[in-house]
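Look over the model below. The report that follows takes up a helix and then a metal site.

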Amino acid sequence: MTDADVAELKARVCDAIDARADDIIEFAKDVQSEPELGYKEVETTKKVVSLFESLDLDVETELAITGARARVGGDGSDDEFVAAILGELDALVNPDHPLADPETGAVHACGHNAQLAHLVGAAFGLVEGEAIDGLDAAVEFVAVPAEEYLDLDYRRNLVESGEIEFFGGKQELIRRGYVDDWDMAVMMHAGSDEPDRVVTSNFSTNGFIGKFVTYLGREAHAGAAPEEGVNALNAAMLGMNAVHAQRETFADEDYVRVHPIITRGGDGVNVVPAEVTMESYVRAKTIDAVDEANESVNRALRSGALAVGGDVEIEDFPGYMPLSTNQTIVDAYDDNVRELLGEEALSPGQPHLAGSTDMGDITQLVPGIHPWTGGFEGAVHARDFRVVDEEMAYIVPAKLTACTLIDVLTDPESREKLREAKAEKRTREEYLDAVRGFRATETESHLD
Ligand SMILES: [Zn+2]
Ligand SMILES: [Zn+2]
């Protein structure tokens with residue numbers, strides 16, 4: 001395809017997205033008005049499916065409890081090139097947000113509704129812009145469950161009943177084999193506190209281990225006979241302070257983050273607390289650094305039980321893997337940012353972010369990108385997070401993704417580079433071995 005052909009194709013796709021702009025924005029608001037937490041996105045999935053079906057796409061649902069995908073183009077051969085476009089279905093909990101569901105506290109304060117708008121927008125553009133046939137590749141549109149790592153009691157029940165193995169939806173997609181034949185994966189994410197028309201596409205993020213901690217002591221009357229008790233809250237406080245004492249040992253370049261919370265601190269003020277529970281993440285830039293920090297955090301947590309003569313159980317669960325973005329896709333994406341928004345829209349941002357996403361897991365297997373795009377005021381997850389530029393939040397990202405796919409897929413050299421990059425990444429089995437290695441239980445017992 002000549003440069004002029006590619007430019008013509010991209011213009012046609014952008015026109016097709018513009019023609020659907022009202023539908024895309026209406027859809028984004030519809031999703032926002034009915035926020036659902038991870039693995040519960042039943043209505044949100046239906047909304048996505050209904051738009052996919054309006055394009056006559058062949059849709060598969062219940063990928064991992066919820067979720068949907070539709071594949072177009074390609075020849076169905078084992079060697080066909082497959083490009084996946086992702087959008088996350090789930091909301092998070094922030095009852096203080098003005099748009100929060102009054103019953104569940106769920107709200108789209110991470111802008112995942114914008115991701116879905118971008119997903120269906122790209123589908124409108126590529127399908128109605130009649131671009132698919134020119135790409136010599138399959139394009140898979142994927143609405144993914146459960147990115148936010150929360151609501152964990154519910155998810156632990158799903159794990160225990162065998163419905164899922166992992167808390168993250170993309171991890172489940174990997175485990176179930178949906179990702180095996182992808183050659184590239186593209187999404188967008190709402191920029192935090194980023195009202196302007198800017199984009200940051202090239203960065204890495206932390207990986208992490210998730211942790212449940214249960215301290216057990218012995219109940220006693222807190223006034224009349226505390227000497228007969230073993231105070232589990234004191235054990236937890238000592239454990240947490242011992243964690244703080246590890247912080248000076250974390251190397252700056254590892255970006256370690258440990259942020260425990262107490263989820264049950266005692267049941268009645270006049271009873272010595274006999275059971276105190278905590279949750280935490282241990283995050284770091286590399287898997288080795290996560291492992292190393294986790295070992296010292298667990299040692300510190302155990303010390304609290306040792307000090308008061310109580311028990312502690314520490315359950316580690318796989319968190320998310322570090323994100324690494326692919327330079328070939330980043331370069332194509334940035335070129336399209338220049339074309340659509342101008343050079344000044346490219347914001348270098350931080351090279352490494354200490355937050356985490358299960359897109360990191362995808363990039364352990366498949367070359368991918370996870371760009372931050374503007375149009376949003378307020379920090380993601382905060383009560384004042386909101387869309388301030390609908391075109392930038394919902395429409396422009398669809399064009400950027402669709403045009404990036406066109407550039408990469410019509411360029412043999414880029415396809416070759418992506419195939420090479422994929423060959424250097426983990427296989428599904430290697431990935432599963434690595435994440436399953438994070439599941440562990442440690443105990444320290446001193447109660448009689
Ligand atoms: Zn989030
Ligand atoms: Zn998010």
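## Helix and zinc site

Helix α8 covers residues 287-308, 22 residues in length; at 1.5 Å a residue it should span 32 Å, and its end C-alpha atoms are 33 Å apart, which agrees. The expected span is 1.5 Å times one less than the number of residues. Helices (H or I, at least four residues) and strands (E, at least two) are DSSP runs, numbered from the N terminus.

This is a predicted model: local features need pLDDT of at least 70, side-chain atom pairs count only at pLDDT 80 or more, and totals for chains, interfaces and linings use all residues. Residues are numbered from 1 along each chain as written, chains are lettered from A and ligands numbered from 1 in written order, and side-chain values use heavy atoms, without hydrogens and water.

Buried residues of α8 include Ile287, Val290, Val297 and Leu301. Buried means under 20% relative accessible area, exposed over 50%, partly exposed in between (1.4 Å probe, protein chains only). Just after α8, glycine 309 has a positive phi of about 75°.

The zinc ion (ligand 1) has protein donors 2.0 to 2.8 Å away. Donors are N, O and S atoms within 2.8 Å of the metal (3.2 Å for Na, K and Ca); water is not among the atoms, so sites may look incomplete.

| Donor residue of the zinc ion (ligand 1) | Donor atom |
|---|---|
| Cys110 | SG |

The four donor atoms subtend angles of 52 to 150°, which makes the arrangement irregular. Cysteine 110 also coordinates the zinc ion (ligand 2), 3.0 Å from the zinc ion (ligand 1). Glutamate 148 is buried at 5% relative accessibility. Histidine 381 is partly exposed at 36%.

Technical notes
Tetrahedral: all angles 85-135°; square planar, octahedral: opposite > 155°, others 65-115°.
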